[in-house]
Each structure stands twice: as structure tokens, then as C-alpha cells.
Amino acid sequence: LSNRPDLRKANGMVVREEANLEYQKSLATPDLTVGGLWSRAGSYIPDYYALTFSIDLPLFNRNQGNIEMSARTLEADRAMHDNERTSVLEEVAAALRRASELERLYRSFDRKFPLQYRELVDGMIANYQKRNMSVIEFTDFIESYRTSMLQMNQLGNDRADAMETLNYVTGTDIFQP
């Protein structure tokens, strides 16, 4: 979960919106400003001293609209994050199931099969050259040999593709090619 950039982005959006909500809540309290003023000869009173107070105008609104909008955005971002997390977990589970199944099929495949099949092909070619079999039988055999080799190579390719997909959805290199 920590290696997926889409999940990290969704998490960043939640953190950003939480900070925005705190900021909007801090704006709910009006700022009170207190200051002093002194003028030596700037008005009709010499050595004028004054104390100033000011407060923001939205005294009664207290930024409620922005706080509510930020809270709803945070709720939506959290829902999106949860949805993204669920999606990532389902993707990883599906990729793992597919990789496990293809690995099981690949391991159940006899490693000696290509060598034994190649010996059989050599024997069939020798029989054809000796005219012990017809062209139709030989063509049928070569076609089945071609199909078997294609299926075997496709299984290896599908296995490698499933492992790469698992690496991609986890965001790490679990399996090295």
C-alpha cells in the first residue's frame, strides 16, 4: 500500500484537506487587533496618545460556509481514499491469484517434454523419409507439434506477464525477470 503512487496521492489529498479544515476553523474566530498611536504635533492636541481596537466584520458568520465546504471535501477525499485502497487491494489480490495459477500450471508442466517431443519429431521425420507414413499423417503430426510448442511458449509468456503485472500492481520488484 505504501508503494502505490495513486494511493499516496489520495492520502496526500486527505492530509491537505485536513490542514485546510483546520485553517478554516482558525478563521472562525475574528481577529482582534489592538494598537497604540502617538502624535507629537499632528493634530489639534499636542502629544496625542490613542489606543486602537479593531475586529473583523464577519463577527456573526464565523466562516461557517467555508468550514462546511472544507468538511464535505474532506469527507469526499476520505471516501475516495478508501475506494482507492479497496481498488488497490482487489488489483493485488487478482494479480496474485492469476500469478499463482499460472505458476502452478507452469510447474506442473514436464520440463523434459520439449526434449522428448523433439526426439519424437526426429523419429517422425525419419519415418517420413523412409516412407513409413503418408504426407497427411506427417502434416497432422507437425501441426500438432507446432500447436503444442506454441501453447508451451504461451504459457511461459503468460507466466512472465502475470509476474510483471504483480510487480506493477504492488509497486515493487517482487519477482525478477
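I looked up Glu143 and got a relative accessible area of 40%, so I noted it as partly exposed (buried is under 20% relative accessible area, exposed over 50%, partly exposed in between, with a 1.4 Å probe and protein chains only). Before going on, a reminder to myself: this is a predicted model, local features need pLDDT of at least 70, side-chain atom pairs count only at pLDDT 80 or more, and totals for chains, interfaces and linings use all residues. Residues are numbered from 1 along each chain as its sequence is written, and side-chain values use heavy atoms, with hydrogens and water left out.

Which residue does Glu143 form a salt bridge with? I found Arg146, with 3.2 Å between the closest N and O atoms (a salt bridge is a side-chain nitrogen of Lys or Arg within 4 Å of a carboxyl oxygen of Asp or Glu). Both residues lie in helix H4, 3 residues apart, about one turn of the helix (helices are DSSP runs of H or I with at least four residues, numbered from the N terminus). An α-helix has 3.6 residues a turn, so residues three or four places apart point the same way. Arg146 came out at 46% relative accessibility, which counts as partly exposed.

My search of the whole structure gave 10 of them. Glu18 forms one with Arg78, at 2.7 Å between the closest N and O atoms. I noted that this pair links distant parts of the chain, with Glu18 in helix H1 (residues 5-26) and Arg78 in helix H2, 60 residues apart. Glu18 is partly exposed at 32% relative accessible area, and Arg78 is partly exposed at 40%.

I also looked at Glu101 and Arg104, whose closest N and O atoms are 2.5 Å apart in their salt bridge. They sit 3 residues apart in helix H2, so about one helical turn separates them. I have Glu101 as partly exposed at 37% and Arg104 as partly exposed at 48%.

Entry four, rings. The whole-structure search gave me 4 aromatic pairs (rings of Phe, Tyr and Trp, the last by its six-membered ring, pair if their centres lie within 6.5 Å; planes under 30 degrees apart count as stacked, over 60 as edge-to-face and the rest as tilted). One of them is Tyr117 with Phe141, a tilted pair at 6.1 Å centre to centre and 45 degrees between the planes. This pair links distant parts of the chain, from Tyr117 in helix H3 (residues 113-129) to Phe141 in helix H4 (residues 135-170), 24 residues apart. I checked burial too: Tyr117 and Phe141 are both buried. Together with Tyr145 they form one aromatic cluster.

Notes. Helices (H or I, at least four residues) and strands (E, at least two) are DSSP runs, numbered from the N terminus.
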